[in-house]
Amino acid sequence: MLHRRIVALETRDVRFPLSEGAGSDAVHSGSEYAFATTLITTEGKNFGTGIVLTLGHGNHLVCRAIEMLGARLVGRDVEELMSSFRPRVKATRQRSPAPLAGTAQRRGAPALASITNACFDVWAKTRALPLWRLLLDLTPHQVLDLLDLSYLEDVLTREDALSLLASEMSARAARERILQHGYPGYDTSVGWFQFGDDKVKTLAQQAIQRGFRAFKLKVGSEDGSRDLRRAFMLRELAGSEATIMLDANQQWTYPEALTMCRELAAMSPYFVEEPTHPDDIHAHAKLAWEIAPVRIALGEHVPNRVMFKNMMQAGAVHFVQVDCTRVAGISEFLAVSLLARRYGLPVVPHVGDMGQIHQHLVLFNHIALGHDALFLEYIPHLREHFVIPTQVENGRYLTAQSPGSSSDLCGVGPAL
């Protein structure tokens with residue numbers, strides 16, 4: 001593991017136009033995905049890529065913050081950096097410059113996420129391992145040295161986390177069978193908000209032919225009858241055995257969410273995602289009680305581990321959708337996954353990375369933490385832009401084999 005010293009950190013503002021209607025929901029009608037990208041180069045010309053998703057506006061500001069925060073990494077040895085990653089992340093968060101102070105910092109510090117994800121990518125590459133393998137090779141103590149568990153101690157101490165990791169060691173061999181079988185996926189791209197009924201039907205039929213048995217449909221229309229019509233239409237098309245998730249993207253007030261979730265219950269949604277304002281813990285907790293057995297998923301706009309803790313403590317969430325491009329990167333994703341395991345809640349990530357990094361993280365969650373292998377969201381729109389895109393066959397993610405976190409983008413590399 002020679003040539004590990006970091007010699008440069010650069011950023012790229014990378015943007016991709018989408019086809020009409022793709023990526024749309026009840027909030028967003030635009031047709032652009034963007035990555036605020038970090039590139040870390042070592043003296044051996046290895047480079048790590050870190051990405052966080054935006055919808056274009058402000059992407060350049062995140063890149064500027066990456067430059068300010070990341071400058072301290074130049075000159076550091078990768079192994080030394082990762083062996084003391086927890087205190088360094090905590091210190092960086094506390095020393096954040098103006099663009100990451102206050103509300104922006106509370107909202108997950110996207111610049112820190114991009115930097116963190118690049119650190120994990122270059123670490124895995126210097127060890128010539130895919131990220132999932134690197135993480136599984138770590139001892140429980142080494143895993144905990146990556147994570148900031150501060151402000152979680154009332155429900156999850158370091159000793160609790162070590163005990164959980166150690167207790168799952170004996171079951172790892174059996175769970176590693178998933179490496180051969182692949183991790184199940186669900187298709188979000190069939191049900192974007194601006195797609196007409198005929199297009200939803202066509203795309204759902206094509207997804208079924210590709211082996212998918214789980215789908216997501218965007219809801220949250222001003223006209224609730226449209227949501228009901230589309231949801232029952234997809235249920236009829238996919239059949240009673242299919243898994244169908246509904247995503248309201250925060251558009252309902254509490255009374256609207258209560259009414260709509262009760263009316264949608266008849267089509268048996270697996271969960272309803274973001275039924276109301278993502279900061280309203282009390283409303284989600286009330287809904288969880290009032291709409292049972294319909295269950296709630298959230299996480300796309302939950303910005304950090306403390307907010308996740310509060311949601312879990314309140315009984316406001318049934319499916320944890322933590323996203324390593326929305327919280328402060330891979331390390332905080334793992335902290336939230338441990339927290340979810342402590343509460344007995346499944347993790348079904350939101351995939352601001354299009355599943356590239358999360359295909360590694362869900363394998364660690366299942367094998368090392370004992371999380372159920374439910375499914376991972378599948379969004380195919382940017383596949384051609386990744387050097388090594390996810391491979392999905394018969395509705396399952398095939399296990400990534402190349403070193404790193406699968407984040408490298410075509411034509412996006414360091415200047416050195």
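Colleague: Which strands does helix H1 lie across, and how does it run to E1?

Modeller: Helix H1 (residues 59–70) lies across E1, E2 and E3, contact meaning heavy atoms within 4.5 Å, and it runs at about 170° to E1. Helices (H or I, at least four residues) and strands (E, at least two) are DSSP runs numbered from the N terminus, while angles, from 0 to 180 degrees, are taken between the N-to-C directions of axes fitted to C-alpha atoms, for helices over the stretch in contact. This is a predicted model, with residues numbered from 1 along each chain as its sequence is written, in which local features need pLDDT of at least 70, side-chain atom pairs count only at pLDDT 80 or more, and totals for chains, interfaces and linings use all residues. Side-chain values use heavy atoms, with hydrogens and water left out.

Colleague: What does the sheet itself look like, and why do E1 and E3 count as its edges?

Modeller: The sheet is open, with three strands in the order E1-E2-E3 and antiparallel pairing, where two strands pair if DSSP finds at least two bridges between them. E1 (6–17) and E3 (47–54) each have a single partner strand, so one side of each is left without a neighbour in the sheet. E1 and E2 (residues 32–42) pair over eleven bridges, with phenylalanine 16 opposite tyrosine 33 in E2. Helix H5 (residues 110–126) also lies across this sheet, over E2 and E3, at about 150° to E3.

Colleague: Why is H12 called roughly parallel to H13?

Modeller: H12 (residues 224–238) and H13 (residues 254–264) pack at an angle of about 25°, with axes 10 Å apart, which makes H12 roughly parallel to H13, a class kept for angles under 35 degrees. H12 passes H13 in a right-handed crossing, the near helix being turned clockwise from the far one by less than a right angle.

Colleague: What meets across that contact, and how do its residues divide by class?

Modeller: Gly224, Asp227, Leu228, Ala231 and Phe232 in H12 meet Met260, Glu263 and Leu264 in H13. They divide into five nonpolar, one polar and two charged, where Ala, Val, Leu, Ile, Met, Phe, Trp, Tyr, Cys and Pro count as nonpolar, Asp, Glu, Lys and Arg as charged, and the others, Gly among them, as polar.

Key: Parallel < 35°, antiparallel > 145°, perpendicular 65-115°, else oblique.
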